[in-house]
Amino acid sequence: MTGAILASYSADLVSIVSALLALAGRDNDEGSGGKADLAEAVELLRGKVRILIQRGRLARPKRIPGLAAVLDQFIREVDFDENERSWHPKIALVRCSNGEAGDQWRLWLGSRNLTSAINREFGLLLTSNDDPKSDAMPVAGMGEVAARLAEHAKLDGFRAPKLKIALDKVCWDQPDKLRVERITLTKSSDAVFPKIEQADEVIAVSPFLDGTIVKTIAGWGGPKTKRTLLTTRAELAKLAGQAARPLAGFGDRIFVQESPPQEEVEPSTSENDNAHVAEDESEQLVIGLHAKILAVRKGKALRLWVGSANATQRAWTGANAEVIAEVSAPAHLLEGLQALLLEARPVSATELEKLKPPEENTATERLERARKRFVAAWSGGLSRESNQFVIKADKPPHPADEEVSVEAGLATANLTIWPRGHASLPLGTFPASLHTQLVQFRLALGELSCSWLQCVDVTPPLDAERDRHAIARHLGMNAFLAWIAALLGADYSFREAGEPWDKAGPGSGLQASPFDPGILTLDAMLACWARDRASFKRAGARIDTYLGPILAEAEALPPGEADRLREFRSVWAVVSGELLKER
């Protein structure tokens with residue numbers, strides 16, 4: 001993997017780490033990995049990967065992982081004002097290199113966010129193929145989509161003009177029995193909502209609805225057209241009582257998927273808890289149905305519009321940024337959607353008439369309005385003098401609602417109350433291992449609260465020294481030595497290299513573990529040099545980068561451990577110096 005851009009409406013830190021581990025080839029069967037896996041992933045992917053999310057939609061977990069600090073370099077936020085529009089696509093564009101064969105590409109798109117929620121989703125995978133004898137073909141719009149992503153990502157290896165030219169020429173293998181006609185990453189000038197006059201069958205799948213779009217879909221085709229809607233009960237309740245009767249055109253072909261229980265979350269390490277907040281098209285709610293599909297059949301031909309767009313005006317009229325793939329297929333592929341409908345529950349006309357719009361929770365709505373306005377209006381940054389941090393805004397950032405309080409803090413530290421009327425807030429003094437651009441915010445209204453993480457510019461900018469100290473603190477001695485042993489191939493694998501990456505407690509890797517330092521013998525070093533000099537040099541680079549910062553925390557090591565580390569450093573210096581000199 002030589003570069004990747006991922007786009008999502010919302011994200012959480014655990015899923016971001018899982019994505020990084022997968023891109024670096026360091027994930028395990030559970031989609032996770034050890035501390036050494038994550039350290040190696042950060043080293044391999046630095047400057048090559050960006051994750052684009054809507055500002056204000058990076059979830060704050062109850063327990064923030066110890067290595068959260070260094071994740072800031074991979075995240076870029078799109079600052080759309082959610083009162084008007086959202087950054088809503090779900091895409092992964094990945095470039096791989098196969099030596100002399102040139103660049104190979106993978107594109108995933110669909111409905112799933114970069115979160116841990118498990119829902120019914122739809123996804124599409126395209127793989128590049130430069131074999132002229134294959135049936136691969138270019139896909140309209142691909143270059144424009146890639147260029148738009150690159151403009152936001154600002155990666156040296158993904159320059160928008162060159163990327164557009166390159167991706168417009170790439171040929172793609174089509175999924176079995178499907179043909180992707182066009183891919184669009186919508187913008188404000190786009191009008192991409194289909195205009196359907198003739199249809200034998202229409203199926204709409206969407207977890208979020210609005211009356212205008214639903215009524216339009218319900219009018220596609222003629223009197224004999226069979227129209228089906230699959231959604232959630234909560235969305236039906238919103239529309240059931242509307243005078244325009246947007247659901248009437250679906251007759252008795254309305255289905256719902258029930259919502260599963262909320263995911264369990266680990267207890268908080270502080271006094272601050274996340275509260276449930278009702279949201280407009282919120283993708284943070286854990287619901288059973290999350291796929292977004294429009295399907296139109298005419299005779300034996302099927303047309304699909306799939307991706308991230310809900311059946312709402314914001315999704316289809318250019319307000320949101322959405323990814324939409326237009327796909328043609330034979331009609332029999334509708335069997336897959338029919339199978340999804342069999343898992344759903346039909347809603348009778350009687351039940352529909354009894355549905356009532358949900359009662360508004362005034363306090364919840366007030367808090368959500370305050371959150372959206374806070375995020376949209378945010379214009380500030382972090383100022384640091386050595387290890388001392390102050391967060392500053394152009395003006396006091398507090399919501400107009402005077403009963404809503406604001407707290408802020410580095411993601412690696414505690415929250416501090418931000419006094420109303422003040423434009424700056426001292427956050428405290430922190431060691432280099434806790435420096436980060438990730439700031440946690442919390443708004444509270446009475447007993448209700450909402451929290452999130454946000455990337456904030458730091459002046460002066462953080463440098464590579466931060467990564468060294470943060471990863472050293474995260475690893476500790478035993479995980480570090482296990483990492484080096486795995487790189488050297490000394491009968492030791494990354495799967496054995498230390499604790500899980502998200503084990504609670506800073507520096508927990510400094511404590512005793514089953515790792516046997518005797519594995520790092522002179523014979524192992526010489527064997528690695530003879531077998532794979534690139535691995536030997538990579539291990540040397542990791543030692544040069546991290547051994548010093550780990551020794552700087554020597555006071556946290558058990559008695560004698562620091563001496564053992566210094567002894568290892570001396571042996572390595574002699575061996576590597578002699579071998580490299582010989583070369």
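The stops below go from nonpolar cores to salt bridges and then to a helix pair.

Before selecting anything, note that this is a predicted model, in which local features need pLDDT of at least 70 and side-chain atom pairs count only at pLDDT 80 or more, while totals for chains, interfaces and linings use all residues. Residues are numbered from 1 along each chain as its sequence is written, and side-chain values use heavy atoms, leaving out hydrogens and water.

**Stop 1: the cores**

Select L58, F480 and L488. In the largest nonpolar core, of 65 residues, these touch the most other members. Helix α11 (residues 464–488) is the top contributor, with 13 residues. A nonpolar core here is a set of buried Ala, Val, Leu, Ile, Met, Phe, Trp, Tyr and Cys residues joined through side-chain atoms within 4.5 Å. Buried means under 20% relative accessible area, exposed over 50%, and partly exposed in between (1.4 Å probe, protein chains only). Helices are DSSP runs of H or I with at least four residues, strands are E runs of at least two, and both are numbered from the N terminus.

Now centre on L58. Beyond its neighbours within four places in sequence, L58 is in contact (heavy atoms within 4.5 Å) with A11, D12, L13, I16, I53, I75, L438, W452 and L453. Apart from this core lies another, of 53 residues, including A7, A147, L149 and A291.

**Stop 2: salt bridges**

The structure holds 29 salt bridges, each a side-chain nitrogen of Lys or Arg within 4 Å of a carboxyl oxygen of Asp or Glu. Select R542 and E40: their closest N and O atoms are 3.0 Å apart. R542 sits in helix α13 (residues 533–552) and E40 in helix α2 (residues 35–45), 502 residues apart. Are these two buried or exposed? Both R542 and E40 are buried.

**Stop 3: a helix pair**

Finally, show α3 (residues 142–153) and α4 (residues 160–169), whose axes come within 7 Å and cross at roughly 155°. Axes are lines fitted to C-alpha atoms, for helices over the stretch in contact, with angles from 0 to 180 degrees between N-to-C directions. For the contacts, select M142, G143, E144, A146, A147, A150 and E151 in α3, which meet A160, L163, K164, L167 and D168 in α4.
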